[in-house]
Amino acid sequence: GFFTLLAGFFIYFLLWPKFEKINSLRADLKEIEKKLTTAKRNAADLKKFKAKMKEAEAQFKLAMRKLPEKEEIPSLLTSISDSGQQVGLDFLLFEPKPETSKEFYAEIPVAMSIKADYHNLAIFFDQVARLSRIVNIRDIQIGLTKGKDTKELSTKCTAVTYKFIETPPSKKSKSKKKKR
């Protein structure tokens with residue numbers, strides 16, 4: 001009985017905690033193996049992610065080329081005006097409005113009042129759409145005005161172009177860089 005009691009004491013106090021520790025470590029090992037499998041899968045997909053990142057950067061650079069810089073705005077407005085005059089539009093109003101800032105870009109609207117026939121107006125809108133920079137025509141209001149021999153359209157619209165706004169780095173990020 002004494003040896004049984006001594007064996008029970010030995011098993012209960014010395015061996016049983018070690019078995020529990022082994023089972024706990026096995027559970028941790030399974031969890032770590034799952035994380036390792038996920039990490040290996042992500043590492044295998046790293047080339048895909050890098051390719052997607054390069055593609056996204058290329059698209060960003062392309063979009064940046066379509067957004068005019070501050071110095072290019074007057075020449076862009078001149079090209080819009082020239083496009084209209086080439087097709088025979090009469091600009092009654094061509095007034096740049098103050099720019100509106102958004103998150104990372106600014107909208108630069110230009111209010112226009114135009115007299116032209118339907119065909120020339122459509123050609124003008126097509127030429128504006130084909131400009132190398134992004135220009136949207138919105139808020140289009142078309143009315144018919146009768147002349148002596150012809151019917152002309154009186155059109156009011158807003159041409160909106162965009163420019164990229166580079167946000168300066170925040171003071172917090174500068175202080176973090178200095179600490180490193």
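## Strand β3 and its surroundings

Strands β3 and β5 run antiparallel and are joined by 12 bridges. Strands count as paired if DSSP finds at least two bridges between them. Helices (H or I, at least four residues) and strands (E, at least two) are DSSP runs, numbered from the N terminus. The model is predicted: local features need pLDDT of at least 70, side-chain atom pairs count only at pLDDT 80 or more, and totals for chains, interfaces and linings use all residues. Residues are numbered from 1 along each chain as its sequence is written, and side-chain values use heavy atoms, with hydrogens and water left out.

**Overall fold**

The protein chain has five helices and five strands. Their order along the sequence is α-α-α-β-β-β-α-β-β-α. Of its 180 residues, 21% count as buried. Buried means under 20% relative accessible area, exposed over 50%, and partly exposed in between (1.4 Å probe, protein chains only). The protein chain exposes about 14300 Å², and carbon and sulfur atoms supply 59% of that area. Accessible areas come from the Shrake-Rupley method with a 1.4 Å probe; for residues, only the protein chains shown count as cover. Contact means heavy atoms within 4.5 Å. Among contacts between residues at least 6 apart in sequence, 60% join residues at least 24 apart.

**Pairing around β3**

Strand β2 (residues 100-101) pairs with β3 in the antiparallel sense over two bridges. T100 has E107 in β3 as its bridge partner. A hairpin through three residues joins β2 to β3.

β3 is mostly covered, with 10 of its 12 residues buried. S113 is found in this strand, β3. S113 counts as buried because its relative accessible area is 10%. Leaving out residues up to four places away in sequence, S113 touches D90, F91, L92, L93, T155 and K156.

**The nonpolar core**

A nonpolar core is a set of buried Ala, Val, Leu, Ile, Met, Phe, Trp, Tyr and Cys residues joined through side-chain atoms within 4.5 Å. The largest one has 17 residues; I80, M112, I114, F124 and V135 touch the most other members. At least two residues of this core come from each of α3 (73-86), β3 (105-116), α4 (118-129) and β5 (151-164). β3 gives the most, with four residues. In soluble globular proteins, nonpolar side chains tend to be buried together. Beyond its neighbours within four places in sequence, V135 is in contact with L76, I80, V128, A159, V160 and T161.

**Salt bridges**

The structure holds five salt bridges. A salt bridge is a side-chain nitrogen of Lys or Arg within 4 Å of a carboxyl oxygen of Asp or Glu. Three of them are tabulated.

| Salt bridge | N to O distance |
|---|---|
| K35 and E31 | 3.9 Å |
| E95 and K97 | 3.6 Å |
| R130 and D126 | 2.9 Å |

K35 and E31 both lie in helix α1 (residues 2-44), four residues apart, about one turn of the helix. K35 is exposed at 54% relative accessibility, whereas E31 is partly exposed at 46%. E95 is partly exposed at 35% relative accessibility. K97 is also partly exposed, with a relative accessible area of 36%. R130 counts as exposed at 65% relative accessibility. D126 is partly exposed, with a relative accessible area of 35%.
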